[in-house]
Amino acid sequence: MNGAGRLPAAARAIATGDRRALARTISGIENGDPAVVPVVRALYPRTGRATVVGLTGPLGVGKSSVLNVLVAHLREAGRTVGVVAVDPSSPFSGGSVLGDRIRFERAAEDTGVYFRSMASRGEEGGIAAATRQVVRLLDAAGFEVVLVETVGSGQVDLAIRDVATTRVVVLVPHLGDEVQTLKAGLFEIADVFCVNKSDLPGADLARKDLAELVSLGGARHGWSPRIVLTSALARTGVPELWEAVEAHEKFLDASGARAEEDRRRLAREIVGIVRDRVGRDAMARLEKDPELRRLLDRVASRQLDPYAAADRLYAQRARRARQR
Amino acid sequence: MKKPSRSAPIRVLIAKPGLDGHDRGAKVVARALRDAGMEVIYAGLRQTPEEIVRSAIEEDVDLIGLSILSGAHMALFPRVLELLRREKSAKIPVFAGGIIPDEDARRLKKLGVRAIFGPGTSLETIVTTARQLARGAA
Ligand SMILES: Nc1nc2c(ncn2[C@@H]2O[C@H](COP(=O)(O)OP(=O)(O)O)[C@@H](O)[C@H]2O)c(=O)[nH]1
Ligand SMILES: [Mg+2]
């Protein structure tokens, strides 16, 4: 059923290592192009193999720099690596400057790495869904490790939660302000803390602070977040960082948490797809169907409240589904 | 899936080949393109032609902008164009900015560099031209 011969052309090209086909399909995902849906679907049976590591944290802590050293470390160990680096779009122009590539170095002929920059493009939840599909493509393309860099804030964290099997939160010494960020949610998602810039003073103190926070938080589902010090500048600590990631990956397998989390994520994804479809359909009908337009008129004139209108819309939908 | 639709933002790679020490000009252009709604993949300094072409392919850009001050343009730009051809990506338009003598500019245009902006060019001109090049209208 999954023989390469039966796949759509683009899917076959991706599965056999064609980088341009991969790049174009990723653009299709970003643009919400319906033409890529059959490609993503055809490749789905080939996914679920990659180790997907999220690196998140405040701007400027050195995520891209750590990622660069980590890629070198993984390449030395012979593992192929796909990278997705997500940066925010400007709320004003919709444009963006995606600068994570600046820190990225590799041997000119090394085809074992693929690096892609992505703009968050603003739509709520959109980036999480797009990132998930892009990671899947990299997985299907055969990359053994997929690294996802995001700036730790709001909806982008969702992308990490829904995508990465191991989540690394990157911080710097002098946690001062960062502690606020931690409380705002990064702490809950961390499987590994990476205190980068440990060449600067205060790294050991930061480790102690974090260890205290971790012990207060207790072990989450049997995993207590690891703390690792790195310096991307001095290129130290990265093997230890990867060891911590692998320890977490082993834990996922040994505890059965991997399968459980996978199911939970997929359930969220399915519900998300249904929500999108029903939402689009409902919106289209509210705009076109005369009966529903009258309903909207009554909500606008405050004769009816939105909940009552939603009940009727839902009932109408169910009625039509039965008639079909 | 290939051509950017009206609603899809233009993706442009901005890079500085060669050994120039600073990239202020390139950054100013990158920001102007962002403010015009484009997604700018900023690759930074000291990019080899090989790196530039690989980045352009991986990022699936609609356009490549190269900035250079060091005088090595006659060696580096033709190499980028040649590699793009070799990678079957010659359709990606390339524009250039920097200090490039008229004589060289004429030759580079003949080789396939689509637009060349001298130091005095307004950002507006650069943005407009970039957009036209990316949409295949220039
Ligand atoms: N001192 C020091 N500076 C670093 C280290 N890692 C990154 N930086 C610097 O921190 C700045 C931001 O790095 P970057 O990787 O772009 O951060 P990101 O925004 O988290 O991706 C750059 O100027 C880096 O050179 C480190 O380990 N030590
Ligand atoms: Mg970064």
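**Figure 1. Residues around ligand 1 in the predicted model.** Helix α4 (residues 63–76) of chain A gives the largest share of the shell around ligand 1, three residues; helices (H or I, at least four residues) and strands (E, at least two) are DSSP runs, numbered from the N terminus. In total, 16 residues surround ligand 1, and Lys63(A), Ser65(A), Arg103(A), Asp199(A) and Ala232(A) are the closest; a residue counts if one of its heavy atoms lies within 4 Å. This is a predicted model, in which local features need pLDDT of at least 70 and side-chain atom pairs pLDDT 80 or more, while totals for chains, interfaces and linings use all residues. Residues are numbered from 1 along each chain, chains are lettered from A and ligands numbered from 1 as written, and side-chain values use heavy atoms, without hydrogens or water.

**Figure 2. Polar contacts of ligand 1.** Contacts are pairs of N or O atoms within 3.5 Å. A polar backbone atom of Gly62(A) lies 2.9 Å from a ligand 1 oxygen, and a polar side-chain atom of Lys197(A) is 2.9 Å from an oxygen atom of ligand 1. For Leu233(A), a backbone N or O atom is 3.2 Å from a ligand oxygen.

**Figure 3. The magnesium ion (ligand 2).** Ser64(A) (OG), Asp100(A) (OD) and Glu149(A) (OE) are its protein donors, at 2.1 to 2.2 Å; donors are N, O and S atoms within 2.8 Å of the metal (3.2 Å for Na, K and Ca), and water is not among the atoms, so sites may look incomplete. Their spacing along the chain is S-x35-D-x48-E.

Terms used:
Polar contact = N/O pair within 3.5 Å; in protein donor to acceptor, adjacent residues only side chain to side chain.
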